[in-house]
Amino acid sequence: VAHERAHAMILTLLLLGCVHRAPEGPPVTESAPLQLGPEARTIIEAAAADLDVGVRRRALALLVEADPAPAGGTWASRGRYDPSPYVQRAVAEALGRRHDPASLDTLRAWVEDAAADPWVRGAAALALARTPGEQARLAKAAASARSGASALLLAATIAGDGDARARLRRTIESGNLPMELWFLAALGESGQDELAGPLAAVIDLVEPEIRLPVARAAWRLGAPAGEKALADAVAGTDEDVGLEAVEFLADRPEALPLLSGAAGTEIVGSAAAITRFGLGGGDLKSVVAALEGSDGDLALFAARAAARRLAAEPTLSGAERIRGAIRASLEDAAPGVVLQAVPILAGGGPTDREALRGLLSHESADVRVEAALALGG
């Protein structure tokens with residue numbers, strides 16, 4: 001059962017989008033303005049004071065995004081001066097989803113605050129990177145940063161600064177990439193295709209813990225070497241690495257061929273088959289069987305795949321079978337599975353909403369927040 005213990009940790013980290021392996025909540029979907037009903041607000045406000053960093057960061061990000069006051073009102077201030085940089089970064093990202101002038105001003109002040117955590121400054125800079133007129137500001141911040149400057153360099157690169165692009169390229173070519181999973185994901189989503197080659201060249205040189213995240217970034221920027229590294233991981237004999245690779249391939253339809261080849265182990269093959277369902281292929285039976293089964297890893301893959309597929313095809317034939325399996329598993333399912341089940345139930349009928357209401361008293365604060373958001377949004 002070694003793969004279950006070890007990979008449960010990996011999947012939790014991937015699910016929660018972590019940095020330095022600190023727990024974090026699921027990413028907030030862009031939607032402006034975010035509406036919270038009274039009951040949802042009460043639960044989420046309580047979570048904003050939680051001692052758990054992951055719970056608190058998710059709740060504060062939601063409250064910043066939903067508050068009608070400029071720049072998220074007092075919630076943004078609470079987040080900015082929270083002792084955890086993970087919370088601060090979540091608030092910066094939430095401000096970037098608001099688009100009001102006061103939020104942009106707050107992000108600018110954060111970018112220019114040399115005393116702030118450099119990765120938080122980088123998150124604020126990335127939130128501003130595609131805003132017209134920010135190139136000079138972001139280039140100056142990147143040039144003056146003495147540590148943790150990679151995200152600032154990426155932001156300035158996206159904004160069009162050539163010096164920052166050259167510095168970022170040299171950083172990548174050195175292989176001295178930070179163990180910041182969110183930043184490596186941002187590299188892959190940056191659209192800076194000229195970074196694909198340098199990233200591909202260092203896949204085998206970086207620390208083992210970030211080898212697949214670097215490969216994913218290279219793949220998303222179009223490097224065949226990134227695709228090969230992920231495919232090799234799926235076909236390899238290390239179950240945990242294989243499952244991590246499947247997870248990294250789980251949100252792009254172009255990954256279907258990579259998930260259809262031979263897998264190195266039985267559980268990786270099962271996870272790949274389940275994941276194909278989320279991308280528009282695969283077999284409904286394998287997803288339902290995993291939701292009803294006892295393997296926690298496969299149940300998590302199944303819940304994620306079902307959530308993706310139903311988001312794309314709400315009227316999918318078999319949707320009620322999935323929701324029925326989800327409802328039946330809620331009492332015994334791990335919190336990660338339940339978190340993924342929330343959007344599935346939110347798209348259902350009265351029986352599903354009643355199940356969601358039951359989650360408002362779940363032992364996991366993360367689950368309570370997500371259920372409240374689904375019911376009160």
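These legends walk through several close-up views of one predicted model. Residues are numbered from 1 along each chain as its sequence is written, and side-chain values use heavy atoms, with hydrogens and water left out. Because the model is predicted, local features need pLDDT of at least 70 and side-chain atom pairs count only at pLDDT 80 or more, while totals for chains, interfaces and linings use all residues.

**View 1. The largest nonpolar core has 135 residues.** A nonpolar core here is a set of buried Ala, Val, Leu, Ile, Met, Phe, Trp, Tyr and Cys residues joined through side-chain atoms within 4.5 Å. Buried means under 20% relative accessible area, exposed means over 50%, and partly exposed lies in between (1.4 Å probe, protein chains only). The residues with the most contacts inside this core are Leu 177, Phe 183, Leu 187, Leu 199, Val 214, Ile 322 and Leu 359. Helix α19 (residues 296-312) gives the core its largest share, 10 residues. Helices (H or I, at least four residues) are DSSP runs, numbered from the N terminus. As general background, nonpolar side chains in soluble globular proteins tend to be buried together.

**View 2. Here we visit Ile 322 and its partners from elsewhere in the sequence.** Contact means heavy atoms within 4.5 Å. Setting aside neighbours within four places in sequence, Ile 322 touches Phe 277, Leu 284, Val 288 and Leu 291 by this rule, and its list of contacts also includes Ala 306, Leu 310 and Ile 344.

**View 3. Trp 119, Trp 182 and Phe 183 form one aromatic cluster.** Rings of Phe, Tyr and Trp (its six-membered ring) pair if their centres lie within 6.5 Å; planes under 30 degrees apart count as stacked, over 60 as edge-to-face and the rest as tilted. The count by this rule comes to two aromatic pairs. One of them joins Trp 119 to Trp 182 edge-to-face, at 6.2 Å centre to centre and with 85° between the planes. Trp 119 belongs to helix α7 (residues 118-128) and Trp 182 to helix α11 (residues 181-189), so this pair ties together parts that are 63 residues apart in sequence. Trp 119 is buried at a relative accessible area of 14%, and Trp 182 is buried too, at 11%. The rings of Trp 119 and Phe 183 are tilted, because their planes meet at 55°, with centres 5.7 Å apart. That pair also links distant parts of the chain, with Trp 119 in α7 and Phe 183 in α11, 64 residues apart.

**View 4. Helix α11 is mostly covered.** How many of its nine residues are buried? Seven of the nine are: Leu 181, Trp 182, Phe 183, Leu 184, Ala 186, Leu 187 and Gly 188. Their cover includes α5 (85-96), α7, α9 (150-159), α10 (162-174), α12 (196-201) and α13 (211-220). After α11 comes Gly 191, which has a positive phi, near 80°.

View 5. Arg 309 is buried at 10% relative accessibility, whereas Glu 313 is partly exposed at 31%.

**View 6. Arg 327 and Asp 352 form a salt bridge.** Their closest N and O atoms are 2.7 Å apart. Arg 327 lies in helix α20 (residues 319-329) and Asp 352 in helix α22 (residues 350-358), so the pair ties together parts that are 25 residues apart in sequence. Arg 327 is partly exposed at 25% relative accessibility, while Asp 352 is buried at 2%.

**View 7. Salt bridges that share partners join Asp 105, Arg 108, Glu 112, Glu 134 and Arg 137 into one network.** Within this group, Glu 134 pairs with Arg 137, the closest N and O atoms being 2.8 Å apart. Glu 134 is buried, at 3% relative accessible area, and Arg 137 is partly exposed, at 26% relative accessibility. Across the whole structure, a search finds 24 salt bridges.

How values were computed. Helices (H or I, at least four residues) and strands (E, at least two) are DSSP runs, numbered from the N terminus. A salt bridge is a side-chain nitrogen of Lys or Arg within 4 Å of a carboxyl oxygen of Asp or Glu.
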